[in-house]
Amino acid sequence: MKEVKSCCGCGACVQACPVGCITFEADAEGFDYPQVALEQCTDCGRCERVCPMLHPSEALAPRSAQGVIHADTAVRLGSSSGGVFHALATAVLQDGGIVVGALFDEHLTLCQQAIDDIGQLPQLCGSKYIQSSNRDAFQQVRQALRQQRRVLFVGTPCQVAGLRRFLGQDNALLLTADFFCHGVPSPLLWQRFLEEVLASHRLWHEDISHISFRHKGKGWREYRMMLTLKDGREISIPRSKNAYQRAFDENLSLRPSCHDCPARGGRSHSDLTLADFWDIAQVRPKVDDNKGVSLVLCHTAKGEEALQRPCLQRFDTDLEAALRHNPAYQATHTVPHPQRAHFFAQLPTAESVMQLIEQELHLPLMQRLRKDFNLRKYLLKQHLMRLIK
């Protein structure tokens, strides 16, 4: 049995337990971990059999890599990259299916949830840099498949891997998509950050109508966080001034299991993997209009077929060129920030999480040099391993 901290929080064990003796509880860092009522456990072993961390899969090589742009500019601007998810989801919903992805509930907590109404689709669109709670989404998928309904499930690589183990076998009606995952930040940190932002503007959770982590008002590359209020006002937080984003980028706020992920790089066995085509200016300069381009890796024939939508403009691309500015796909190891443990020890009692983040990220010179050296050493090792292969 692996250490508890290797748990990715996908929820497969909780939803697979036939007697309901496993529940999720958040630890001091705000991450959910399974808790077992041993007096109710029948020792059936289902929880261990569905765990993607205990049973990692071999990498599935992409069949193709494609650049994709939604023909509707409004859809693309409302998406984090090129709008491919919107097209995939629309096709499934119009066919009477369900789409499962991450949306905010009434408490602005991120949850994996199923929708069957195209009017709800905007809630699922856009990147959200928080670990989503996954209480019964796998069960919703299984029920829909038993009803012979099409399903699109979009989640982190570990969530997709957990779903596939939960179901036990592939299904022609199921389309799965993950994304280039850097890791998932703490839901506790998100709530503390959001409360601080709202308090500074004398607002409450119920004043918020929409949250965008990647608003493109100033372009795809200069995205910012945007909180839209129910009265139409907007709170804009540029990336350079977004302490929450900086903590994510610097690996300060990630779940422990993200530091050694067995599901990235095609190991989730998703049909599709979605990402930003950050290198588009060099690969296809005429396509780059700073409104966003999706990079899609197709792992299965089912995934390639799903992309054949009239509203999507597609072009094949070289995989190596596509991954040049997307190291998160192949990197299964993420170097944690050296101040991570100290940061989370201070988080519960910190008066200002923004100040705490800035304080922890302001490293002394020798620590910054050591961090840069360790990162360079890791990247060199990854490069040498690829050459050997």
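## The main nonpolar core

In this predicted model, the largest nonpolar core is made of 41 residues. Trp190 and Phe213 have the most contacts inside this core.

Several elements give two or more residues each to the core. The strands among these elements are E4 (98-104), E8 (208-215), E9 (224-229) and E10 (234-238). The helices are H8 (187-200), H9 (243-249), H13 (340-346) and H14 (353-361). Helix H8 supplies the largest share, 6 residues.

## Gln191 in helix H8

Helix H8 also contains Gln191. The relative accessibility of Gln191 is 18%. Buried means under 20%, so Gln191 counts as buried.

The side chain of Gln191 takes part in polar contacts. It reaches the backbone oxygen of Leu108 at 3.2 Å. The side chains of Gln191 and His205 are joined by a polar contact of 3.5 Å. If residues up to four places away in sequence are not counted, Gln191 touches His107, Leu108, Thr109 and His205.

## The eight-stranded sheet

The model has an open sheet of 8 strands with mixed pairing. Their order is E5-E4-E6-E7-E11-E12-E3-E13. Strand E5 (110-115) and strand E13 (312-316) are the edge strands, and each of them pairs on one side only. On average, neighbouring strands of the sheet are turned by 30° against each other, with direction ignored.

Strands of a sheet pair through backbone hydrogen bonds, and the pairing is either parallel or antiparallel. Strand E6 (residues 151-154) and strand E7 (residues 174-179) run parallel and are joined by 4 bridges. Leu152 has Leu175 of E7 as its bridge partner.

## A helix across the sheet

Which strands does helix H6 lie across? Helix H6, residues 137-146, lies across E4, E5, E6 and E7. Helix H6 runs at about 160° to E6.

Note on methods
Residues are numbered from 1 along each chain as its sequence is written. This is a predicted model: local features need pLDDT of at least 70, side-chain atom pairs count only at pLDDT 80 or more; totals for chains, interfaces and linings use all residues. Side-chain values use heavy atoms; hydrogens and water are left out. A nonpolar core is a set of buried Ala, Val, Leu, Ile, Met, Phe, Trp, Tyr and Cys residues joined through side-chain atoms within 4.5 Å. Buried means under 20% relative accessible area, exposed over 50%, partly exposed in between (1.4 Å probe, protein chains only). A polar contact is a pair of N or O atoms within 3.5 Å; within protein, one must be able to donate a hydrogen and the other to accept it, and residues adjacent in sequence count only if both atoms are side-chain atoms. Contact means heavy atoms within 4.5 Å. Two strands pair if DSSP finds at least two bridges between them. Axes are lines fitted to C-alpha atoms, for helices over the stretch in contact, and angles run from 0 to 180 degrees between N-to-C directions.
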